[in-house]
Amino acid sequence: MDYDPQELEARWRERWAEEGRYEADPDADAPAPGDDGTAAASDAAADEEPTFITVPYPYPSGGMHIGHARTYTVPDVYARYRRQRGDNVLFPIAWHVTGTPIIGAVERLKKGEEDQLSVLRDTYNVAEDTLQDLETPMGYARHFIEQHYKKGMRELGLSIDWRREFTTNDERYSKFITWQYETLRDRGRLEKGLHPVKYCTNEEQPVTTHDLLEGEEAEFQEYTLIRFGHGDTVVPMATLRPETVRGVTNAYIDPDADYVIADVDREEWFVSAAAVEKLQLQGHEVVPKRTVAGEHLVGERVENPITGDEVLVLPADFVDADNATGVVMSVPAHSPDDYVALQEAKADDERMAEYGIDPADVDEIEPVPILTIEGYGEIPARTAVEESGIESSADPALEEATKELYNSEFHRGRLNDEYGEFAGEVVEDVRDRFRDAHRETGAFGTMREFSEEVVCRCGGDVEVAKQDTWFLRYNDADWKGKAHDAVARMDAIPENTREQYDHTIDWLNEWPCIRNYGLGTRLPWDDEFVIEPLSDSTIYMAYYTIAHRIDDVPVEDLTREFFDALFYGADAVAGDAPERALDLREEFDHWYPVDYRCSANDLVNNHLTFFLFHHAELFDPDNWPEGITVMGMGLLEGEKMSSSKGHVVLPGEAISTYGADTVRFFLMNSAEPWQDYDWRDDQVETTQNQLQRFWRRAQEIVDAPEGAKDLVQADRWLLARLQETVDTVTEAMEGFETRTASQAAFYNLEEDLRWYRRRRDLDAPGARWTLRHVLETRLKLLAPFTPFLANELHEELTGEPAEDAGWPAVDDAFVDEGVLVEERLVEDLTADVNDIVDVTDTDPDTVRVYAAADWKYDVLDTVRDVGSDVGQVMSEVMSDPDLREKGDAVNDLVQELVSFVRERDAESLDALDAVDERSVYENAADFLAREFDADVQVYSEDGDDVVDPAEKADRAQPYRPAVHIE
């Protein structure tokens, strides 16, 4: 039977759908275990074990691409593995439509924006006559849910319980979210107040990470505004290093940018035009009076509010008027950037004169040191610039020098005497106190900016705004404590992510949880607002447990008491608890907690940590998440995937070209889940060819007579290697190491089979039995990765699909360290002979193999007994007169054997010790003769029958035979 993945996979998809194969219920029987010693068969208790696996529900603002395919295949592979182990597995999916990205996409479509139309037509293949169906938010969402995500997931063979799907604007789901937020408010975890938020100036409402097109990693930065004065006008300058104010020697402004003179909180301020909206958003009362060019302030002097010094304002093209207030202070003693800029200003007399500035006034400006730091001179910035060989502001090394000096001064710089009460202190210890002291006097103010540019998915600029909003109190110490406990209890995969969760919990503060409009659940007590996407996606996993059974409950019955009874039991409700809620509670109790949440690594610092916070607050510890596995990012031909740029591969196209098993296997085998991976067409094609070759070899075994269990050395070796493979794959699967598992089950075992085919007469009854047994076990190991191919072949081979046959267990009857060691000796000898043949370019007629003399094994025993100290070994060996006579030969051998022992564990050495090395080579002589088409002779180095024309025999060492080719 030829391998036609499209035809084969279509049959299995239809079969699974007809059977409702992956619909999981509490009273459902677990997959029937095999009767062949599998793990499922040997552990009946596992039959009842529930396993609940979840993955972030997709946000259908666009189509599914190959990166998404990997995201959803990782948990599917684990789900399939757990079913084979006998577990009752729930793997559900739903659709996240909360927020505004879908609305924004629809608006751009309706406006006919070319970029949006290009993405829809060219990237996601939306037909022209279908575009009008996408002109409503849910019409848009439904298109991508049905035509991309569901279609792609089914084509991939994901083992999802489709009965439980929902969208986050379903009215019953909204009742569930309402219950959550009313409960959180009553427990004091919600509060209303002014709070800095990310604010889209186009949509005029707060946005969160999931709403952003650019700047997803941007952080709030709190600048200190130094209130310089120009007569009665305040000229605020923003800095992250307020302690450097005593070192300000001048200021810079963009002479060509627009600036505004405005009343700010009833004072006259001079700021950039871009700063006006920012200040308004951050709670200042701003009334613009007139607009001027930056040149208006060039050449003027402004007064330092701390020192009283007047400093000159210079023109500079490098000033970004869109950042902060658009006027920057210069501290050339402690900023390599400023130091170089000042030198360039001094050298540009022509430009200074152009703006009416006397070059002599610029020449008089000298750096003013305000701290001392070991390793730098009096002017640290000058030291940093000169030691780095920096000669201009265009030198790329300037950025690194600046960063390094800032870091050094922060941790080791001590303020000079003019700082009074703060003198002598390290910047790190004093910065906040110094800033706060001058805020109280009115010399300093505050302004917030982002660490990078932030753009909303709608295309609007995102700024920092202070809003009167409802926020989650993630800064509450006791709530943080519960979240830390949840982290400590769970399985973090990989383990090094545990500290990332703890770190996020520590720095996380209040989180604004509402938006002004968008899809989703209205805030129960103020329906002008919508609960934002990250805040409504924290415990929806609990809703999966009852989603398919709650549709018959009238919406009006889904009250606070209903969900209290459902999630907390009858005792949580005053009076009689709703019977339907208690009925549904049985399902919740069966599935909860979530065994594993599989999610992207970049969600650790928001969604995944929120997931832990909310579970820790709303559920008892027994229902806290038991594990989280994070996943890396995907590349396409070495570059980051981008839907907006059309740089994606659609799963449907990949599956049509290569088949779902190939797509799945490549995605799982290219990297461990938490590592980044790279989709490359040539490598995917190679994977397809490898699966086709596997299919052909498997068909040969299926079609061959069954054989008999008449085993020889090579059979026992392959069966022993098979047990090692089962152990490796099982251990890897337990830790979500899908690459390690698939490599062992497919590629490593294929290497073993390649050797076995060289060693064994494949037509022998014992070989046919061995190959059949290995194939049957291998198909079970591969079933989570390539379910279509593995189920088909296993059913042809045994009469039942691999997924129904249970997971293989290590068969102790075939565990044999001795046979593994013996075969390794043969492999090593074969490799050594091949090396000699290659180097000498010889076609051998005779191959002579010399096993070491008995006395050399005695020396090896001594090395093992005494240890790796060469001197002690030599002392012990030389106490034997017979060995002492051998002189340098013993000394050289000891050196070699000490290294030999160091490279092996005690178990391997014990196995070698039980081997009759010469007999191993004699038994392999026929194989070696066939391999090299030569006469193979095996001797002991000191044997009476030894033939040694080239005097090579004395080079033999224990388990490292000497070889002579003639």
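**Note on charge pairs, burial and overall build**

1. R758 has a relative accessible area of 35% and counts as partly exposed (buried is under 20%, exposed over 50%, partly exposed in between, with a 1.4 Å probe and protein chains only). The model is a predicted one, in which local features need pLDDT of at least 70 and side-chain atom pairs count only at pLDDT 80 or more, while totals for chains, interfaces and linings use all residues. Residues are numbered from 1 along each chain as its sequence is written, and side-chain values use heavy atoms, with hydrogens and water left out.

2. R758 and E931 meet through their side chains in a salt bridge, at 2.2 Å from N to O (a side-chain nitrogen of Lys or Arg within 4 Å of a carboxyl oxygen of Asp or Glu). This pair links distant parts of the chain, 173 residues apart: E931 is in helix α35 (residues 925–932) and R758 in helix α25 (residues 738–759). Helices here are DSSP runs of H or I with at least four residues, strands are runs of E with at least two, and both are numbered from the N terminus. E931 is partly exposed, at 30% relative accessible area.

3. E165 forms a salt bridge with K150, and their closest N and O atoms are 2.8 Å apart. K150 is in helix α6 and E165 in the loop between α6 (137–156) and α7 (171–186), so the pair ties together parts 15 residues apart in sequence. K150 is buried, with a relative accessible area of 7%, whereas E165 is partly exposed at 24%.

4. R439 and D436 form a salt bridge through their side chains (3.7 Å, N to O). Both residues belong to helix α14 (residues 427–441) and sit three residues apart, about one turn of the helix. R439 is partly exposed, with a relative accessible area of 25%, and D436 is partly exposed at 31%.

5. A search of the whole structure gives 75 salt bridges. One network of salt bridges links E23, D25, D161, R163, R164, R549, D552, R580, D583 and E587.

6. A patch of negative charge lies on the surface, and its members include E204, E214, E216, E217, E219, D320, D461 and D602. Patch residues have over 30% relative accessible area and no salt bridge; like charges are joined within 9 Å, and nonpolar side chains (Val, Leu, Ile, Met, Phe, Trp, Tyr) within 5 Å. E219 sits in the loop between β5 (212–214) and β6 (220–230). E219 is exposed, at 55% relative accessible area.

7. Is H964 buried or exposed? H964 is buried, with a relative accessible area of 9%. H964 is placed in strand β32 (residues 962–965). Leaving aside residues up to four places away in sequence, H964 touches T846, V847, R848, Y850, P949, A950 and K952 (contact means heavy atoms within 4.5 Å).

8. On the chain as a whole, the protein chain has 35 helices and 32 strands. The C-alpha trace spans about 110 × 80 × 55 Å along its principal axes. Of the 966 residues, 56% are buried. Among contacts with a separation of 6 or more, 76% are between residues 24 or more positions apart.

Note on methods. Areas by Shrake-Rupley, 256 points an atom, 1.4 Å probe, with all protein chains shown as cover. Lys, Arg positive; Asp, Glu negative; His and termini not counted. Charge placed at Lys NZ, Arg CZ, Asp CG, Glu CD.
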